[in-house]
Amino acid sequence: MMGAEKAELGMEDLDLELEAGAGSPSPSPSPLTASSKMQALDFEHIGSLAAVAESLSPGGKWRRALTSVRVVILQAKINVLLPFGPLAVMLHYLPGKHQGWVFLFSLIGITPLAERLGYATEQLALYTGPTIGGLLNATFGNATEMIISLYALKNGMIRVVQQSLLGSILSNMLLVLGCAFFAGGLVHPSRDQVFNKASAVVNSGLLLMAVLGLMFPAVLHFTHSEVQYGKSEVSLSRFSSCIMLVAYASYLFFQLKSQRSLYSPIGEEEEVSEEEEDEKEITQGEAICWLFVLTIWISILSGYLVDAIQGASESLNMPVAFISVILLPIVGNAAEHASAIMFAMKDKLDITLGVAIGSSTQISMFVIPFCVVIGWMMGQQMDLNFQLFETATLFITVLVVAFMLQEGTSNYFKGLMLILCYLIVAASFFVHVDPNSSDNK
């Protein structure tokens, strides 16, 4: 009897163990499942390696380059205007007086290049983010003005340098920003577009500091209160230029490193998700290469444009000062104009402000002081005395734009007001006679 009871107890224990084993999950996967997962991972790894190897092969590089050329050059219909650039260069070297046609063809040839520069910058902004993307756009857009300024400064054309840089600031703050606000407001008419107000306030403060640096040399000269006539204003301009360069470098560190979270665009997470949805048609390296190529070609055409200014002034019966302050900056800011409007229509106002206001800040706080320092090295008497009329125009413009940006919102009416203000400024320079060089210095 005892043996039979032990046998029954053993069978019951065995049944309990079998039930427990059936109810509990398997502690380890089967060898077949593990091997299939390893094979899948191996296939994915091999596929990625094959893609990398194909891209690094000579044939893959050529195919990638041809694809990039097709996307950047042949995709936009506006690129049918590209042949006008080489035509302007050819007309420049033909015998005879063709300055008027060279000016016109250079103007037309720069237009598609500006649009493609905005496209390449937008592609690069998908990789770098909106803040750095706007800074890059402002930098590449101002490369044309810097090259023209150095070219004119080398030839002693100080007033051309001053007027073109002043006109670039006015064009960016009134025309470019106004058109961007107007176009963005028409695309989004039912609501106000918003942007980071803190970043706009900081840029407005830097622009007021630039006005401060430009105002005192002019006031010092026209009040005849210099210690040494003709020398004190130059010395003050060089000292102020060094201070402005330090301030701009501190601003870059403050915005991009120290307080980056405070000046990040509004709705950054939503913007990142939107950027992920946007198609990256070219790689980051290709975008950088295209930015350099397009900037160089725009700078070349801008050089021919500057050389034809005098002939265009005679043929169009316009003063050179009006062409330097109004017409020339419109061409030089074509890249900013196209990209700022494009970003505003896509409701990316922070990049628009980085392009328009950031470009004005960069010209006033970096390009102008940089030209003063370079002129100092060249032995040129480049200073910050932009004359009273130009300095007063810049001061009023900065105040108007600062009031427009203080709410952190934009609409088509604000854009229309900025455009109308630019028309008033353009009319003022059309009837303004630039003082003779003997009266300036």
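Here are a few questions and answers about this predicted model.

Residues are numbered from 1 along each chain as its sequence is written, and side-chain values use heavy atoms, with hydrogens and water left out. Since the model is predicted, local features need pLDDT of at least 70 and side-chain atom pairs count only at pLDDT 80 or more, while totals for chains, interfaces and linings use all residues.

Me: Is S149 buried or exposed?
Reply: S149 is found in helix α6, residues 130-154 (helices are DSSP runs of H or I with at least four residues, strands are E runs of at least two, numbered from the N terminus). Buried means under 20% relative accessible area, exposed over 50%, and partly exposed in between, with a 1.4 Å probe and protein chains only. S149 has a relative accessible area of 1%, so S149 is buried.

Me: Which residues does S149 touch, not counting residues up to four places away in sequence?
Reply: A contact means heavy atoms within 4.5 Å. Leaving out residues up to four places away in sequence, S149 touches V161, S164, L165 and C371.

Me: Are the rings of Y93 and Y304 stacked or edge-to-face?
Reply: Rings of Phe, Tyr and Trp (its six-membered ring) pair if their centres lie within 6.5 Å; planes under 30 degrees apart count as stacked, over 60 as edge-to-face and the rest as tilted. That rule gives nine aromatic pairs. For Y93 and Y304, the centres are 6.1 Å apart and the planes at 80°, so the pair is edge-to-face.

Me: How many residues apart in sequence are the parts that Y93 and Y304 tie together?
Reply: Y93 lies in helix α4 (residues 84-93) and Y304 in helix α11 (residues 284-307). So the pair ties together parts whose separation in sequence is 211 residues.
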